[in-house]
Amino acid sequence: MDKHTQTLRWTQMLQAKKKLEDHQFQVDLFQSQDACLQYLKDLLKDQVSVSVGGSMTLFEMGIIDFLENNSEIQYLDRYHSEHPHEIYHAALSCDYFLTSTNAVTLSGELYNVDGNGNRVAAMIYGPEHVLVIAGANKIVRDLKAAEDRVKTIAAPANCVRLNKDNPCTKIGACVDCQLPTRICSAVVTLQRSHVPGRIHVLLINEDLGY
């Protein structure tokens with residue numbers, strides 16, 4: 001990303017921040033993923049319990065590696081558990097739940113489409129703190145653009161990643177398939193953090209995740 005694009009993205013991040021804060025989300029902006037990762041390393045300690053939602057952003061940033069190798073926290077590890085659904089349930093009462101989002105609108109909403117629904121469930125209710133970590137590439141104008149982003153980027157890319165032989169992997173866009181391998185089941189728009197500041201959005205001026 002060149003400096004001009006970075007400047008434009010930062011302007012969009014500031015717009016999104018203002019609207020999200022109007023809706024009782026807490027928001028912090030970072031110029032780089034390294035800066036955000038350091039913030040998380042300083043925050044997550046003292047044996048707090050931490051779990052995550054499925055997110056390529058967390059993998060790309062090295063957050064999953066950090067959690068797996070951190071003796072200062074209690075990490076509820078969904079990826080190495082023989083019973084991941086037990087972790088999904090336990091995550092609802094953890095101190096910090098880390099995830100990303102499919103889109104952030106300039107009008108201050110978080111838009112997500114899930115398969116199992118464990119990610120959006122924890123975002124809505126349960127964990128004391130929810131950290132939503134997203135690259136500036138996920139900022140869109142409105143909910144229609146958020147839906148389009150999922151249908152043309154996030155859903156097809158995740159189907160490829162998960163080896164789901166769905167039509168979107170062949171044509172590059174959602175066709176509203178009804179196959180058993182469909183990964184789009186729950187559509188959730190978070191319009192407001194019901195508990196002020198419980199949902200903390202960390203926006204990063206880089207391209208991250210789908």
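Trainee: Which residues of helix α2 are buried?

Mentor: This is a predicted model, and in α2, spanning residues 33–43, the buried ones are Gln 33, Cys 36, Leu 37 and Leu 40.

Trainee: How do you know that the buried residues of α2 line one face of the helix?

Mentor: Look down the axis of α2: the buried residues fall within an arc of 100 degrees, so one face of the helix holds them.

Trainee: Now the rings. What makes Phe 30 and Tyr 39 a pair, and why is the pair called tilted?

Mentor: Their centres are 5.6 Å apart, and the rule asks for centres within 6.5 Å, so they pair. The planes make an angle of 55 degrees. Stacked needs under 30 degrees and edge-to-face over 60, so this pair goes down as tilted.

Trainee: How many aromatic pairs does that rule give?

Mentor: Two, and Phe 30 with Tyr 39 is one of them.

Trainee: What stands out about the phi of Gln 47?

Mentor: Gln 47 isn't a glycine, yet its phi is positive, about 65 degrees. You'll find Gln 47 in the loop between α2 and β2 (49–52).

Trainee: Where does Asp 176 sit, and what is its phi?

Mentor: Asp 176 is in the loop between α8 (168–171) and β9 (186–190). Again we have a non-glycine with a positive phi, this time about 55 degrees.

Trainee: Why is Asp 176 called partly exposed?

Mentor: Its relative accessible area is 47%; exposed would need over 50% and buried under 20%, so Asp 176 falls in between.

Trainee: What makes Cys 168 buried?

Mentor: Cys 168, a residue of helix α8, has 8% relative accessibility, and the limit is under 20%, so buried it is. Beyond its neighbours within four places in sequence, Cys 168 contacts Ala 155, Pro 156, Cys 159, Ala 173 and Cys 174.

Trainee: How far is Cys 168 from Arg 182 in space?

Mentor: C-alpha to C-alpha, Cys 168 and Arg 182 are 9.9 Å apart, with a separation of 14 residues in sequence.

Definitions and conventions
Residues are numbered from 1 along each chain as its sequence is written. This is a predicted model: local features need pLDDT of at least 70, side-chain atom pairs count only at pLDDT 80 or more; totals for chains, interfaces and linings use all residues. Side-chain values use heavy atoms; hydrogens and water are left out. Buried means under 20% relative accessible area, exposed over 50%, partly exposed in between (1.4 Å probe, protein chains only). Helices (H or I, at least four residues) and strands (E, at least two) are DSSP runs, numbered from the N terminus. The arc is that of the directions from the helix axis to the C-beta atoms. Rings of Phe, Tyr and Trp (its six-membered ring) pair if their centres lie within 6.5 Å; planes under 30 degrees apart count as stacked, over 60 as edge-to-face and the rest as tilted. Contact means heavy atoms within 4.5 Å.
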